[in-house]
Amino acid sequence: MDKPLRNPVLIVCGVLVLAAAAYLLFGRSGTPGDSSPEAGFARDMAVHHAQAVDMSFVVRDKRPAKEISSLAFDIINTQANQRGMFLGWLQQWGLDQAGHDRPMAWMSGHGHGAATYTAGPAAASTGLMPGMASPEELARLKAADGTQAEVLFLQLMIRHHEGGVEMAEGLLDLSTRPEVVNMAQKIVQGQSSEIKLMTDLLRQRGAQPLPSILQPK
């Protein structure tokens, strides 16, 4: 005969604690909650992608070399579409597009807290997400012309992509939700490939990338 379960009150309490934790993380219907990694990733990456699209429009309007114009066009299309998906997820999950947490808070405690990044000269004071250009850098890009504009765009976009890769890899460490994981994998693969392309384009112009923000693996 099996032994009766001991401490049934503790068992019930344990179940209730697990249920409460699941509610806080995923919400009432099993969808990601407001403070979940999935929601934070969607919100932050939507903002991150918006800047990449803006920078690409800036350089495209300067009528750069064909390969730079083509790259900018690809970034505009890809990241604008992905941004729409991020915002669509939030709407589907019944969440606001803007959360109450600071940028990158969803990665805190996992070796990827916002304070560990150096996204540019103004990162410490502005709380920029990894890889994002500062207002001063954006002003320089808008004022630049010719090869100078191409080089600055490539340098800023390489660092921007590095930040996107870091964010996507962070999500992969924290989530198993299929659609979010699939998107993060696409970002890692696609932006890593574009980093290599942009590095080659810089070398063709006698320039080098900015210091990498990617953390050693």
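Predicted model: local features only at pLDDT ≥ 70, side-chain atom pairs only at ≥ 80, totals over all residues.

Q: How much of the protein counts as buried?
A: Of its 217 residues, 44% count as buried.

Q: And what share of the contacts join residues at least 24 apart?
A: Taking contacts between residues at least 6 apart in sequence, 74% of them join residues at least 24 apart.

Q: OK, packing. At what angle do H2 and H3 pack?
A: H2 covers residues 37–60 and H3 covers residues 66–92, and the two pack at about 155 degrees with their axes 8 Å apart. An angle over 145 degrees counts as roughly antiparallel, so H2 and H3 are roughly antiparallel to each other.

Q: Which hand is the crossing of H2 and H3, left or right?
A: H2 passes H3 in a left-handed crossing. Sorted by class, the residues in that contact are 19 nonpolar, five polar and three charged.

Q: What about H2 against H6?
A: For H2 and H6 the angle is about 170 degrees and the axes are 11 Å apart. H2 is therefore roughly antiparallel to H6. The crossing of H2 past H6 is left-handed.

Q: Which residues meet there?
A: On the H2 side they include Phe 41, Met 45, His 48, Met 55 and Val 59, and on the H6 side they include Phe 153, Met 157, His 160, Gly 163, Gly 164 and Leu 171. By class, the H2 contact with H6 comes to 14 nonpolar, six polar and two charged residues.

Q: Switching to the core: which residues touch the most other members?
A: In the largest nonpolar core, which has 48 residues, those are Phe 41, Phe 86, Phe 153 and Leu 154. The elements giving two or more residues to this core are H2, H3, H6 (146–174) and H7 (178–204).

Q: Which element gives the most?
A: H6 does, with eleven residues.

Q: Phe 153 keeps coming up. What is it in contact with?
A: Leaving out neighbours within four places in sequence, Phe 153 is in contact with Met 55, Ser 56, Val 59, Ile 68, Leu 71, Ala 72, Ile 75 and Leu 141.

Q: Where does Arg 63 sit, and is it buried or exposed?
A: Arg 63 is in the loop between H2 and H3. Its relative accessibility is 77%, so Arg 63 counts as exposed.

Q: And Met 104, buried or exposed?
A: Met 104 is buried, because its relative accessible area is 1% and the cut-off for buried is under 20%. The residue lies in the loop between H3 and H4 (123–126).

Q: How far is Met 104 from Pro 130?
A: Their C-alpha atoms are separated by 8.7 Å, with Met 104 and Pro 130 being 26 residues apart along the chain.

Methods: Residues numbered from 1 in each chain as written. Heavy atoms only, no water. Axes fitted to C-alpha atoms, helices over the stretch in contact; angles between N-to-C directions. Helix = DSSP H or I, 4+ residues; strand = E, 2+ residues; numbered from the N terminus. Parallel < 35°, antiparallel > 145°, perpendicular 65-115°, else oblique. Left-handed = near helix turned anticlockwise from the far one by under 90°. Nonpolar A, V, L, I, M, F, W, Y, C, P; charged D, E, K, R; others polar. Core = buried A, V, L, I, M, F, W, Y, C linked by side-chain atoms within 4.5 Å. Buried < 20%, exposed > 50% of the residue type's maximum accessible area, 1.4 Å probe, protein only. Contact = heavy atoms within 4.5 Å.
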